Amino acid sequence: MNNNGADSAKTDITEQLQAYRGEIDALDAQLVELLAARKKVTSAIGQVKRAHSMPIYVPEREAELIAKRRSQAEAAGVSGDLVEDVLRRMMRDSYYSQHANYAKVDASINNIVVIGGGGALGKVLVGLFQSSTYQVSVIEKEDWPNRKALLKDADAVIVAVPINQTTQIISELPPLPEHCVLADVTSVKLAPLDVMLKVHKGPVVGLHPMFGPDAPGMIKQVVVVCDGRRSDDYQWLIQQMLVWGAQIHQTLASTHDEAMAFIQVMRHFSTFVYGQHLQQENPNLSELIAFSSPIYRLELAMVGRLFAQAPTLYADIIFNNVDNIALLKRFHQRFGEAIEILESGDKASFIERFTEVENWFGDYAKQCLRDSKQMLLKADDGQLLRKAP
């Protein structure tokens, strides 16, 4: 049989593909050039913002920009989701390229002292203050005997020590200058605020940065603010965090601590138990990952993430408040009730309970479905945890 015709057709196809690939390469090169040009403009914007103490992250501007480009894309027959994804990646890069030298909000504030500034979160705070040209001092365990001299001229003192040491450290503070802002950054607020108000007569504020030490900064990160005393005198600190890109959420210390029981304690404890169960059942981790869809790989990644960090951190959070035990016991009870439904084979009861929870979440469940789809696309693009180490 003569294969010349087939070989010729194959050659034609190869040449066509090579031609199209050449066009793609040229267009991709143009994209890189456009990204470089865009970065120059965003860097210039960053300089203007620094000069005028303006926030790096402006949610309204970002939302407006994305809406316009989505509309333009869809009119041109291009996926709005694709364009939004590209834009968000570009903007994230530009935010962090702008943050090397943040604006300093208050020129009269100079001496910032971070107690525990050598720790994971402390280092993040020290770096942010230094990026805004504040003079920053760090106090660690070995410096504590000299704390009176080290704190006598402080404009702000940030307590960033482990949760189980926070109230003790605060109680041992020497008298601070009356204008000095005293703040803590631990994950509970009632107890530290109470002690800070007792030891210091000046401005006091409780802060809870809702991010881990692996975050590159405060851009788009939530920081909870609980007022203690003289809020006008610490507004420069709040404004400084806004300049760093933080999203400020103000609330009562009691409201914060009640929420943390669900946001941190329940979540971390449940993840701990799930991880312990996996370890004791000892399935083949590589196979679990290989068989998992993106959503299950993402869930498994969140479990693994917990156990890649310091156990003392999570032990302190979970053991800090004995009131949380009652909440966890109720969770345990409801888990047992769900098992009983399963054992009885009562699918109708399961569906009824499911519907009750669905109604409680309301429209937020649909929003979660939309948001999670975008997250899963990114997870799949990155081949998240395809193989175990």
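Q: Why is Ile263 called partly exposed?
A: In this predicted model, Ile263 has a relative accessibility of 32%. Buried requires under 20% and exposed requires over 50%, so the 32% of Ile263 places it in the class in between, partly exposed. The residue belongs to helix H9.

Q: What makes Asn282 count as exposed?
A: The relative accessibility of Asn282 is 61%. The cut-off for exposed is over 50%, and therefore Asn282 counts as exposed. Asn282 is located in the loop that runs between helix H9 (253–281) and helix H10 (285–291). Its phi is positive, at about 55°, although Asn282 is not a glycine.

Q: Why is Lys220 called partly exposed?
A: Lys220 has a relative accessible area of 33%. Lys220 is a residue other than glycine with a positive phi, near 65°.

Q: How do you know that the chain is more spread out than a compact globule?
A: The secondary structure of the chain comprises 15 helices and 7 strands. For 389 residues the globule rule gives 21 Å, whereas the radius of gyration of the chain is 27 Å; this is well over the rule, so the chain is more spread out than a compact globule. Along the principal axes, the C-alpha trace spans about 95 × 65 × 40 Å.

Q: What share of the residues of the chain counts as buried?
A: Buried residues make up 33% of the 389 in the chain, where the cut-off is a relative accessible area under 20%. The accessible surface of the chain is about 24000 Å², and carbon and sulfur atoms contribute 57% of that surface.

Q: Which elements give two or more residues to the lining of the second largest pocket?
A: This pocket has a volume of about 1000 Å³. Helix H13 (323–344) and helix H14 (347–361) are the elements that give two or more residues to its lining. H14 supplies the largest share, 9 residues. The lining has 19 residues, and those nearest the centre of the pocket are Arg334, Arg353, Phe354, Val357 and Phe361.

Q: How many residues of that lining are nonpolar, polar and charged?
A: The lining of the second largest pocket divides into 11 nonpolar, 2 polar and 6 charged residues.

Methods:
Residues are numbered from 1 along each chain as its sequence is written. This is a predicted model: local features need pLDDT of at least 70, side-chain atom pairs count only at pLDDT 80 or more; totals for chains, interfaces and linings use all residues. Side-chain values use heavy atoms; hydrogens and water are left out. Buried means under 20% relative accessible area, exposed over 50%, partly exposed in between (1.4 Å probe, protein chains only). Helices (H or I, at least four residues) and strands (E, at least two) are DSSP runs, numbered from the N terminus. On a 1 Å grid over the protein atoms alone, a cavity is a set of points where a 1.4 Å probe fits but cannot get out, and a pocket is an open set with protein on both sides within 12 Å along at least five of seven lines; lining residues have an atom within 4 Å of a point. Grid points are joined across faces, edges and corners, and a volume is the space filled by probe spheres set on the points. Ala, Val, Leu, Ile, Met, Phe, Trp, Tyr, Cys and Pro count as nonpolar, Asp, Glu, Lys and Arg as charged, and the others, Gly among them, as polar. The radius of gyration is taken over C-alpha atoms; the globule rule is 2.2 Å times the number of residues to the power 0.38. Accessible areas come from the Shrake-Rupley method with a 1.4 Å probe; for residues, only the protein chains shown count as cover.
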